[in-house]
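Please look over the structure below.

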Amino acid sequence: MEVIISTAELLTTDGIPLKQSLRKAERRNKLRAFLLVFPLLLFIFVTFVMPIGDMLLRSVDDSQINSVFPNTFEEYKKWDKGTDELPPEEVYKNLFFELANGDKRQIGKALTRMNYAKSGWKSLIKKTTREIKKIVKKGEEPKSYKETFIKINKFWADPTYWYSFNQMVNDQSSIYYWNALDRTFDEDGDVVLQDEKRRMYIKTWLRTFKVSIYVTIFCLILGFPVAHLLANLPLRYSNLLMIFVLLPFWTSLLVRTTAWIVMLQQNGVINGILVWLGIISDDGRIQMVYNEAGTLIAMTQILLPFMILPLYSVMRVIPKSHMRAAQNLGAKPATAFWRVYLPQTIPGISAGGLLVFVLAIGYFITPELVGGKDGKLIGSWIAYHLKTTLNWGLCAALGAILLGIMLIFYWLYNKIVGIDNIKLG
Amino acid sequence: MALPSYATPVQRTYYYFYLFFCTVVFFFLIAPLFAIIPISFSVSPFMVFTEGMLAWPPDPEAWSIRWYRNMIGDCSADVVSSTVPCSTKWMKGTVNSFYIGTIATVIATTLGTLAALGLSRPHMPYKGLIMAILISPMIVPLIITAAGMFFFYARINLVYTFTGVILAHVALATPFVVITVTATLVGFDMNMVKAAQSLGAKPMRTFFKVIMPLILPGIISGALFAFITSFDEVVIVMFMASIDQLTIPKQMWAGIRQEISPVILCMATCLVLLSIFLLTTVELLRRRSEKLRGIKAR
């Protein structure tokens, strides 16, 4: 018997090939799903992604000063530092006119930028501009612009000032990144260490890592037994005890930080109890807050729930029979724990550990309030430059480096746990 | 979890040590929150347990609600103290916090729920990437977000405005809504949608009559998360809000920095009570949601 297989395409009732029709429906479904997500995606893009991108651009942006001194910089680039000690006459001439005719506010902004490169620029330019304006007013044209400048101030004959232009003559500059790592450019444009007294960022970066690692370890030590207890108790008890973990999680960060100040300060609760118990004398009260210890204690308590919750969710599903089986086969409890139980909790440990670590390196509020002088983390510098010094380039560069570090760790987190597996409470 | 009857003395010691250790950690987690409550009722302007408060029998002179009266803007002679200024700032902050929080919550919940519905569809393209972008405001450290937003919003004149603060808070709050609602939609029986549509319901009607009642607990939980995110947020308001947009956290921050006073503890006590209330609500909603979706109560 012969079976005839039709080679003709399957058609829908409308006469369109089925394959095509299905593909069309699939496309429509995709579009519908996307349209639901689109408003939020657009919103997040405009209100969040673009600001972050803007910050990244700002961290390398050096265009403002280039718009103030375009001709000077153009001529400056032609200066051969090997043969001439000072820049050519043309540089002085262009600077003369750009200072005389430039917008005062823009020049002011540029001066701030110049001072980052070499301190002293601000007063030098201000003084010079005043003199230049006088000359222009008189209407006389100087014979040699170079001589005029040097007559106004002898610093104009000092090549180190001119060398510092090197790092400003391009629209983009990596100077802020180097600054954020305690480095700067020397006269030849090579990267060198900052002056001793201006080196503070590497120290803070290292402290940020140190504090984060300590907090992660403390959280693990404190969180592991608690998660184990919660995972192994009958539900009606563990749900009750879970409140102890979730309530701090839901309480305002500032409230928890305030609470720690009240607890730890010199006439605070803990010192009071210790004095009352006679462990320490009244004038021997321990300084526990406004230093690194305060930061460590407060951050450990604040981040502990982020360690306990992932550990709990992993431990919850480890069958209790495993430990019994191991012991049944002759393992001592310690061996059974070490060889059978602990390896199964590794996903929880890594998830909780990464989460706590990543949150800790970006922390700002708690270290700022309880850290005092030697407990502040890198976030405090970002805030300081954003609000106080207005050195936004450096602020953005510090932020960008921090963001880069975070992304590496989140990439790891995503590999191990999966970002969309984040659960709340 | 109880100790088996054949446990050796060493095991017993370990076990009791383990229980003791866990108790200490629970105490460590919760004690600071509750230590501030009695101090907020102290009559003294210093944030300490005074001798009168610890005396037995209790000394009514040592306790008072004067700092609470100060907090609500009552500046009578028996309330003010030389070290504690009295102003209506706390009340103004409360009004602003609720105003910003409510608007931010409504926008965040709407956008977040729509997105979660889209993300839960099987046809969603680039799901991982989009999810990562949507979650990112929760992941990026607040100080970086604040810096970026401050630069960007300054360009478009949104710094020091309510609009700017609200937009920023919506961005921060949506990830919580997306996560909570997506979690509720896991295990959602899509056949119910098909059933509704085959019976002739339009998409809108399907959503409001079928989907929404089932995922409502998740939406409300998400909204509460969004609200508390905005309500407790301090870093953004520190940079992006002027005195006009003073919120509770901003005022607390200023208080802790400058004029550390028991009034802060009164507000902190109120916030602890608020978080207890929200936690209870979310927990009840979670149970209800599991019941609705037919997941057996654990």
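**Helix 6 of chain A**

The buried residues of helix 6 of chain A are A:Trp121, A:Ile125 and A:Ile132. Here a residue is buried if 20 or more other C-beta atoms lie within 10 Å of its own, exposed if 12 or fewer, and partly exposed in between, with C-beta atoms placed from the backbone. The model is predicted: local features need pLDDT of at least 70 and side-chain atom pairs count only at pLDDT 80 or more, while totals for chains, interfaces and linings use all residues. Residues are numbered from 1 along each chain as its sequence is written, and chains are lettered from A and ligands numbered from 1 in the order in which they are written.

- The three buried residues A:Trp121, A:Ile125 and A:Ile132 cover an arc of only 30 degrees around the axis, which puts them on the same side of helix 6 of chain A. The arc is that of the directions from the helix axis to the C-beta atoms.
- An α-helix has 3.6 residues a turn, so residues three or four places apart point the same way.
- On the other side of helix 6 of chain A, the exposed residues are A:Arg130, A:Lys133, A:Lys134, A:Lys137 and A:Lys138.
- The cover over the buried residues of helix 6 of chain A includes helix 4 (89–101) and helix 5 (104–117) of chain A.
- Helix 6 (residues 121–138) of chain A has 18 residues, which at 1.5 Å a residue should span 26 Å, and its end C-alpha atoms are 26 Å apart, which agrees. The expected span is 1.5 Å times one less than the number of residues.

**Chain A**

- Chain A has 19 helices and two strands; helices (H or I, at least four residues) and strands (E, at least two) are DSSP runs, numbered from the N terminus.
- With a radius of gyration of 32 Å, well over the 22 Å that the globule rule gives for 425 residues, chain A is more spread out than a compact globule. The radius is taken over C-alpha atoms, and the rule is 2.2 Å times the number of residues to the power 0.38.
- The C-alpha trace of chain A spans about 100 × 100 × 40 Å along its principal axes.
- Of the 425 residues in chain A, 36% are buried.
- Chain A is assigned domain 1 (14–56), domain 2 (63–175) and domain 3 (201–421), with bounds from an automatic or database domain assignment.
- The C-alpha centres of domain 2 and domain 3 of chain A lie 52 Å apart.

**Chain B**

- Chain B has twelve helices and zero strands.
- Buried residues make up 43% of chain B.
- Chain B is assigned domain 1 (9–71) and domain 2 (89–292), and the contact between them takes twelve residues from domain 1 and eleven residues from domain 2. Two residues are in contact if their C-beta atoms, placed from the backbone, lie within 7 Å.

**Contact between the chains**

- 77 residues of chain A are in contact with 77 residues of chain B.
- Helix 1 (residues 18–58) of chain A gives the largest share of the side of chain A that touches chain B, 21 residues.
- That side of chain A divides into 55 nonpolar, 14 polar and eight charged residues. Ala, Val, Leu, Ile, Met, Phe, Trp, Tyr, Cys and Pro count as nonpolar, Asp, Glu, Lys and Arg as charged, and the others, Gly among them, as polar.
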